[in-house]
Amino acid sequence: MQCTITSASIPGADVLTRKPGLAKVARLFPPELVRSLVRLRRDLHRHPELSFQEHRTAARLERALAAVRPASLERVAGTGLVARIRGRSHSVPAVAIRGDIDALPIQEQTGLPFSSRIPGVMHACGHDVHATWAVGAAALLSARPPAGDVVVLLQPAEETGKGAQAMIEAGVLDGVAAIFGGHVDRRFAVGQVVAQPGSLAAASDTFEIEIAGAGAHGARPHEGKDPIVAAAALIAALQTIVSRRLHPATPAVVTVGSVHAGSAPNVIPDSARLSGTLRALEGETREKLHHALRQIAGDIARAYGVEAKVAIELGPPPLINHETAVHWARQAVEEILGKSALVPLGSPNLAGEDFAWYLERIPGCFLRIGAREEGTEPIPAHSPQFYAAEEAIWVGAAVLAQAARVASASLAARGGGPEADPEQRQARRRRQK
Ligand code: NI
């Protein structure tokens, strides 16, 4: 498939004004900012780095954030960054915007003029755009300060599900009342945004099952305990967890992704090893998957006279958007793009997203942001052909900045900051008298 970004030259600001529906977005960005964001995105895309190895990326983003003159700018979690944009009042709790920055071990095949120069590594999930729109949001907020502070988080290692926790451990959520983030999505056209309550991404856990049998000559199976036959039975039985144990309308996945056993055609090996992934949109389903996996593995092992050791590594929990934060985000989308920009997610997404860790701590909303140009294919993320439309940069930056602005104003109104509604202000004055 042919991608539509074919020119290596940096587009002018008119790239946005020519798109119907994006005129209001275009007006927010001075021409020099448009060009610097495109330059940044293309540079990040050309030099992708894997999880927790984003050293060049972090240095480049640090320079880009410094240029918007934040009140503070810090390195955290190794290759993460936190920039604080000063609001109009110190008394309003801060709001956070998060962009992730890491790439994937995939050989790029997009044909983009700014394709990856690193063999076997590419931005196949659009984190180059997420990092760039976070910088764009910082620039917009710095130019016109919101009610309270906004902290812009550039997070490493989303793909391994470890980066958000490292950022949280570094204290980035201290004093933060709400958080917003988003993901490019080529199922949706540029200008469309999903902002809805409830589950937006799945709990994503990894399991490993070690089956211990007893080796023997391939011609004398009665003298051993065959772990391969047990593994085969187990793989088949695991398929019944989703199909027989869960309500038919409950989204969940049990995938065995690797099987390792044996080294010769005439030898029964000692052991077999399976590994796979478990996905669920709700905590209760997640527990059912864990329980059924352990029970079936144990019982199949007993039936075949072998032993099964099950290890489950917990990944990110389900990503559950918070009602109030969704309301703020939807208001932001309506203000920036109009009501018709809001679209439903459609069928649920069973991918994992480590933004879920932030939402376990504080309210927030994770958005899906349309990244497909007119007349092009959806292209799934993590494919060697994946890339996000350039225009998604400005949509993401404008919507996230506006969501932070709306949330900040609302928090100020509750807490008595500069945007407090007149009734509350009067009530406070009466109390002070
Ligand atoms: Ni991603």
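Predicted model: local features only at pLDDT ≥ 70, side-chain atom pairs only at ≥ 80, totals over all residues.
User: What span should helix α7 have, and how far apart are its end C-alpha atoms?
Analyst: Helix α7 covers residues 227-245, and at 1.5 Å a residue its 19 residues should span 27 Å; the end C-alpha atoms are 25 Å apart, which agrees. The expected span is 1.5 Å times one less than the number of residues. Helices (H or I, at least four residues) and strands (E, at least two) are DSSP runs, numbered from the N terminus.

User: Which residues of α7 are buried?
Analyst: P227, A230, A231, L234, L238, I241 and V242. Buried means 20 or more other C-beta atoms within 10 Å of the residue's own, with C-beta atoms placed from the backbone.

User: What covers them?
Analyst: The cover includes β8 (203-212), β10 (252-261), β12 (271-280) and α8 (283-303). Contact means C-beta atoms, placed from the backbone, within 7 Å.

User: Switching to the sheet. What is the strand order?
Analyst: The open sheet of seven strands runs β1-β2-β4-β3-β5-β15-β6, with mixed pairing. Strands pair if DSSP finds at least two bridges between them.

User: Which strands stand at the edges?
Analyst: β1 (72-76) and β6 (193-194); each has a single partner strand, so one side of each is left without a neighbour in the sheet.

User: And in what sense do β3 and β5 pair?
Analyst: Parallel, over five bridges, between residues 94-100 and residues 176-189. A94 has V176 as its bridge partner in β5.

Methods: Residues numbered from 1 in each chain as written. Buried ≥ 20, exposed ≤ 12 C-beta atoms within 10 Å, placed from the backbone. Contact = placed C-beta atoms within 7 Å.
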